[in-house]
Amino acid sequence: MIITSPVELVFDDLFLQLRDWLAQTAVHVKLEGFSVSGSIKIKAALQMIAGLERKGRLKPGRAVIESSSGNLGLALSVVCAIKGYPFTCISDPNISPQTARLIEAYGARLIVVNQRDENGGFLGSRIRLIRSMLEEDDDLVWLNQYGNLDNIEAHVQRTGPAILEQFAAPDYVFVGAGTTGTLGGVSRYLRRHAPAAKIIAVDSVGSVTFGHPAGKRHIPGLGTSEPPEIRRHASFDDLIMVREEDAVRACHQLAQSGLLLGGSSGTVLAGVRQYAEHIETGACVVAISPDLGDRYVDTVYNPDWVASRYPALHAAPTPSIRTQSASVSA
């Protein structure tokens, strides 16, 4: 395969079959981390940038600014480097050190906000800084992933169709909720084309996205400390709230079986296990894995980091699981 641009390296047809994650059926994990920038966020970054270009808001001479705890910031740093737009990423201390260095390696500017917002997170503080910077610089363009409908449209056009190309009639589809762009897009597509599929949203304990109590969180990706505007476009049959301890435990078990996934992916798969009693034997189960785990070696996979944040989480050996690659469509 010969490509002419890195943005062609977006893979939507990679599924890994986990045969022992649930006792009663296999789980098919949609692996998004092999795409350029290493996460599902590359699709939203491309769609949102293209949308602003079509509207004439983004053109040569202007610069992009966005709030991100990691993956979207990295995806935007790649896209903006290719297109020639200066990019400023507003993040917080939860960003992984590796992701921070990669964002800067692509030539983007990274600003880390240390002041927590009213709900104990950093999102409100990040957005306030963006608003103040927009007032000072007319050439800055804010994508606003939390209210941008192209964040949803990216997954209507790509992620939803890719699931049905591989599994014509999925019974359960588990989707993590961060900005709710993936959840909104996948649910919109499946409601139209596979209405029998049950969509299970997975969020982190401490996230306020769907009205649950606020709490301190350490793993970037899923969850918010301010409800995103686009959440109203998300449709789901059930919502699972997962403790970060359980997400870390899931990540470690998968790693011991040769699969290194990111914290968001661990949260989604912990949610699958939490929901297991509702899943019938032989059901077709799909779970979206937003990213891989290589950029979490200093956090989720660092014993000292884990011990300092989750002292009750024991480092006892966990059983391995068997994996099998599912067939992929071109």
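How many salt bridges are there between domain 1 and domain 2? The count is 2. The points below concern the contact between these domains in a predicted model.

1. Division of the chain. Domain 1 is made of two segments, 6-31 and 149-311, while domain 2 covers 40-142. Taken over C-alpha atoms, the centres of domain 1 and domain 2 lie 23 Å apart. Domain 1 contributes 35 residues to the contact, and domain 2 contributes 29 residues.

2. Buried area. About 2,500 Å² is buried between domain 1 and domain 2, with 55% of this area on carbon and sulfur atoms. On the domain 1 side, Asp-150, Ser-225 and Arg-295 account for 26% of the area buried against domain 2, more than any other three residues.

3. Salt bridges and polar contacts. Besides the 2 salt bridges counted between the domains, the interface of domain 1 and domain 2 has a set of polar contacts: 9 residue pairs, with both residues at pLDDT 80 or more. Lys-43 and Asp-12 form a salt bridge, in which the closest N and O atoms are 2.8 Å apart.

4. Make-up of the domain 1 side. Helix α5 (residues 149-166) provides 8 residues of the side of domain 1 that touches domain 2, the largest share. Sorted by class, this side of domain 1 holds 12 charged, 12 polar and 11 nonpolar residues.

Note on methods:
Residues are numbered from 1 along each chain as its sequence is written. This is a predicted model: local features need pLDDT of at least 70, side-chain atom pairs count only at pLDDT 80 or more; totals for chains, interfaces and linings use all residues. Side-chain values use heavy atoms; hydrogens and water are left out. Domain bounds come from an automatic or database domain assignment. Contact means heavy atoms within 4.5 Å. Buried area is the accessible area (1.4 Å probe) that two parts lose on being put together, summed over both. A salt bridge is a side-chain nitrogen of Lys or Arg within 4 Å of a carboxyl oxygen of Asp or Glu. A polar contact is a pair of N or O atoms within 3.5 Å; within protein, one must be able to donate a hydrogen and the other to accept it, and residues adjacent in sequence count only if both atoms are side-chain atoms. Helices (H or I, at least four residues) and strands (E, at least two) are DSSP runs, numbered from the N terminus. Ala, Val, Leu, Ile, Met, Phe, Trp, Tyr, Cys and Pro count as nonpolar, Asp, Glu, Lys and Arg as charged, and the others, Gly among them, as polar.
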